[in-house]
Amino acid sequence: MTICPWCIADGSACDRGIALNDATIYPLLPSTPQMTIEDRRMVEGLTPGFTTWQGNRWLMCCGRACVYLGEAESADLRGRWHGVIPSMFQDSGFGAAEMEEIVDRVMKGGSPCAYVFQCQVCQSLHGYWDCH
């Protein structure tokens with residue numbers, strides 16, 4: 001299905017039940033904070049998605065949906081977005097050598113790849129990596 005950018009921008013695609021992204025924060029447990037209804041509508045109905053290997057997921061921080069900054073190259077993770085690396089591997093159990101190897105191999109459209117977000121409130125960087 002093709003959706004025109006005007007139908008995304010004015011919310012009419014959302015009004016027809018078209019979800020562009022999944023705003024559910026995982027793991028979905030009773031104690032897991034979720035986005036506000038306003039942010040959920042923005043992410044699911046008014047924000048174009050991005051292509052991933054395993055399906056995109058939207059990140060949140062400080063109780064708000066984060067802003068998607070883009071897909072990273074290895075050089076981005078070593079430079080302008082270096083602060084995102086800890087969040088990419090949070091709770092992964094990977095050692096430093098494994099994390100370094102993944103970061104070294106990250107490329108746009110490749111495998112592995114990395115997606116970078118920024119908190120609207122505290123401006124901290126968040127992200128995750130993906131591969132096929």
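This report describes the fold, surface and selected residues of a predicted protein model.

## Basis of the model

Residue numbers start at 1 in each chain and follow the sequence as written, and side-chain values rest on heavy atoms, with hydrogens and water left out. Because the model is predicted, local features require pLDDT of at least 70 and side-chain atom pairs count only at pLDDT 80 or more, whereas totals for chains, interfaces and linings use all residues.

## Overall architecture

The protein chain contains six helices and five strands, where helices (H or I, at least four residues) and strands (E, at least two) are DSSP runs numbered from the N terminus. Read from the N terminus, the order of elements is α-α-α-β-β-β-α-α-α-β-β.

The C-alpha trace spans about 45 × 35 × 25 Å along its principal axes. Of the contacts (heavy atoms within 4.5 Å) with a separation of 6 or more, 62% are between residues 24 or more positions apart.

## Surface and charge

The accessible surface of the protein chain is about 7,600 Å², and carbon and sulfur atoms account for 57% of this area; the areas come from the Shrake-Rupley method with a 1.4 Å probe, and for residues only the protein chains shown count as cover. Buried residues form 40% of the 132 residues. Buried means under 20% relative accessible area, exposed means over 50%, and partly exposed lies in between (1.4 Å probe, protein chains only).

There are 9 positive and 15 negative side chains, and the centres of the two sets lie 4 Å apart. In this count Lys and Arg are positive and Asp and Glu negative, while His and the chain ends are not counted; each charge is placed at NZ of Lys, CZ of Arg, CG of Asp or CD of Glu.

Helix α3 covers residues 37-45, and its buried residues are D39, V43 and G45. These buried residues pack against α1 (5-9), α2 (12-15) and β2 (64-65).

Helix α4 spans residues 74-78 and includes D76. D76 counts as buried because its relative accessible area is 12%. Its side chain forms a polar contact of 3.1 Å with the side chain of R80; such a contact is a pair of N or O atoms within 3.5 Å, in which, within protein, one must be able to donate a hydrogen and the other to accept it, and residues adjacent in sequence count only if both atoms are side-chain atoms. Beyond neighbours within four places in sequence, D76 is in contact with E71, W81, H82 and K108. S74 also lies in helix α4 and is buried, at 14% relative accessible area. With neighbours within four places in sequence left aside, S74 is in contact with V103, D104 and V106.

## Backbone features in loops

Most residues other than glycine have a negative phi, and most peptide bonds are trans. D91, not a glycine, has a positive phi of about 65 degrees. D91 is located in the loop between α5 (85-88) and α6 and counts as exposed because its relative accessibility is 77%. Q123, also not a glycine, has a positive phi of about 70 degrees. Q123 lies in the loop between β4 and β5 (125-130) and, at 43% relative accessibility, is partly exposed.

The peptide bond between S111 and P112 is cis, with omega about 10 degrees. P112 belongs to the loop between α6 (96-105) and β4 (113-118).
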